[in-house]
Amino acid sequence: MAAITFEHISKRFGSVNANSDVSFSVNKGEILALLGENGSGKTTLMNMLSGIYYPDEGRILVDDKPVSIRGPREAYALGIGMVHQHFKLVDVFTAAENLVVGLEPDKKLDRKEIAADIKEICDKYKFDVNPDKKVYDMSVSEKQTLEIVKVLYRGANILILDEPTAVLTPQETERLFNVLRNMKQDGKTVIIITHKLHEVLSISDRVAILRKGEYIETVETAEATEEKLTELMVGKKVDLEIERPEIEDKKLRLEVRNLSCINNEGIKILKDISFDLYGGEILGIAGISGNGQKELLEAIAGLNLIEEGGSVKYHQPDTEDPVELKGMTPRRIRDLGVQLSFVPEDRLGMGLVGSMGMTENMMLKDYNSGRGIFTSKKAPKELAEKIMEELEVVTPGVTTPVRRLSGGNVQKVLVGREIAASPTVLMTAYAVRGLDINTSYTIYHLLNEQKKKGVAVIYVGEDLDVLLALCDRILVLCGGQANGILDGRTADKQEVGRRMSVIVGKEGEGHE
Amino acid sequence: MNEPILRVIKRESMSFKGKLLVRAVSLILALLVCGIVITLITGYNPITVYVTMAQGAFGTKTRAWSTIKEMLMLSCIAIGLAPAFKMKFWNVGAEGQILIGGIVSAGCMIYLSNIGNAGLFVLMCILSALAGSLWAFLPALFKAKFNTNETLFTLMMNYVAIQLTSYFVAKWENPVGSNTVGVINQSGHEGWFPKIFGTQYFISLIMVIILAVFMHIYLRYTKHGYEIAVVGESENTARYAGISVPKVVIRTVLLSGAICGVAGFMAVAGASHTISTSTAGGRGFTAIIVAWLAKFDSATMLLISLLLAFLNSGSSEIASKCHLNDYASKIVIGIILFFILGSEFFINYKLVRGKKGEKK
């Protein structure tokens, strides 16, 4: 029996078809994985189910009855609850208060009763939630658990989880999957959105695949392989191998010693980090997001103040003379002739200017280099056209604001510019986040090309499989501390995952 | 199933023609609604009312120049505000910057009337610009150093400026007991804008045109303009690009204040030849609307200033001709602005009725 049936669902945003003529059904009591690349319309489709959007065409059936879901409240009334990728919790409220926020105020707020209800749900599915803990004190995984409990507390029988594992360590992911299996046994229906294939294979009963807003097909997980799923998702065969070329002649490029940083709130976000970076290698940085990755790169780039006692020494390619970068602004670093390129995590909030076109974004770092008071747009325009052609950036033109481009194309513009500056050190933060498989592989390829040229590359990543396949060495960050540097060829995924969440003894801290 | 009746859908983008059409329709609707309101309240034929409006704004040479004077003031202030707002620095302190510029101009006219007209003119222009800069500098400095809220700071600077103006009005009172400064240099016209082509506003016109061209080039083609755009979009991007954000903030706000100060000079030396607490007269706020509506484009700012000036003089004319009070004309301006601003919604979104092509 079908819990949910989509019939000819279409949804457009402007001229973009987010969903076109999608029809399939979800069985009662199954875990269905909704698989598709970014922009394939997974989230849009689920948002229509949870009442955030309303379909342009088609209809939705719940328990074989046609329904009209005009808001999240109506979705809850039908037993549909969604856990969004970006948590929707009130930071200053406790877990219990978050559960009841937005419910009909027909009865008194009885904390004991709520606590008892939470306990019942937790016991049933093996959750762990402290009802009196404030959300701002919670870890990402705790917040996610709370979101799921919230949905269950409101009586959902059909749960939608939008990329729930993106923020979790492998261990936390396994725990989440156990909970989902318990729910399934209890007769709940679970829809999980993801693009991690191995997770799809381990958790789901069936996989529904979307591509460019269209429904492709639903396959039984038992009969699926990673290759087959990728082919269905992308529409053609994709080579999932990531190369890792060997470079013989490695030269020391960066020497980071005892680097500590304090963030805006006065919290020590980086503690005593030391590592070396060589030309001709890719150094991966692993860690749960928010454990200091961003701050580390920004500190090296001159955007974060480095505490007393730390040092960042840069070795010039020709003279090998070390230059101290600590305490310098990005412009000063550039004026010294240090070719440091940086692809920051926040592409449109730091790396690019969203309201400007490609041309004007090309001049972001050297607009000031020419003489006189006027900017020169000739060279940036040529560069923009070159990048547009070489990296196949899809845009109406070099003057179209880059904000209007899709995520993958935005990243191509940013990476293209940073590589065009012929760097000796290239730092990238989450370079493939949100990109489709093809673009991701283009980026891996570009990074490998730089490595072969002798560039020292830092790759901050979140997908451990990619980190292990691409990087020569992996520095694991945990709570702002360096928790060991592992060899990418021999490291084990569980070990990396463990180091992301638990500080290991001193013996793990060696530099090589 | 109960369907939602109307749904809002975001538009991809609109052609230039489409935008023009939406705006034209909104203007026509505004005039229609105004007409209905006017007829309901007064019983007059709306067409007569509109003719009266046009006559009020451009009916005679004096009126036309008075409307143009108003437009020039608004444009000048809006041009001054544009760089600050483009940098997302919410300078709501134009009123104060205008007043301070005005006080300095009036002071020069009173105390330095003997140094010769050309020198006095240049001196007034420079000093009032500096005074406006100074008034804007304080909030900018605090913003740059301590990240204080510039909206509140610039707003409160207005009140300080108003008090200062009251002080100088009392000091320069003429004749004694009138509680006004009266017309300064009535006999010798020292420091007054000279009449060219029979109007004293001609120099203002030239000044505003020069400022408009300057601002257009400054924002679009210079390194400073580029920095302003980057800082306005994201301070993080600016830092990443190696731009010193405090430096750009202070420099840009100084420029913004200077032009607003010059607007005060224009108001005193080029128009009223006196100073009072109403010299700025709320134009510092109206100009914010002008700058934003024009999206900081100089030519568009001139056009919107003209529209507002026209509405202003036109509606006060209908107020007096049709024996309505001032508020009635404000209602008319309000309705027209409502429709013009509202049209932006239809440029960005569209409404769809129910479902299209329901499948059975």
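Me: Which residue forms a salt bridge with B:Lys295?

Reply: This is a predicted model, in which local features need pLDDT of at least 70, side-chain atom pairs count only at pLDDT 80 or more, and totals for chains, interfaces and linings use all residues. Residues are numbered from 1 along each chain as its sequence is written, chains are lettered from A and ligands numbered from 1 in the order in which they are written, and side-chain values use heavy atoms, with hydrogens and water left out. A salt bridge here is a side-chain nitrogen of Lys or Arg within 4 Å of a carboxyl oxygen of Asp or Glu. With its closest N and O atoms 3.7 Å apart, the partner of B:Lys295 is B:Glu344.

Me: How many salt bridges are counted between domain 1 of chain B and domain 2 of chain B?

Reply: The domain assignment (bounds from an automatic or database source) gives domain 1 of chain B as 1-44 + 323-355 and domain 2 as 70-321. Between these two domains of chain B, the count of salt bridges is one.

Me: How much area do domain 1 of chain B and domain 2 of chain B bury between them?

Reply: Buried area is the accessible area (1.4 Å probe) that two parts lose on being put together, summed over both. For domain 1 and domain 2 of chain B, 73% of this area lies on carbon and sulfur atoms, and the total is about 1000 Å².
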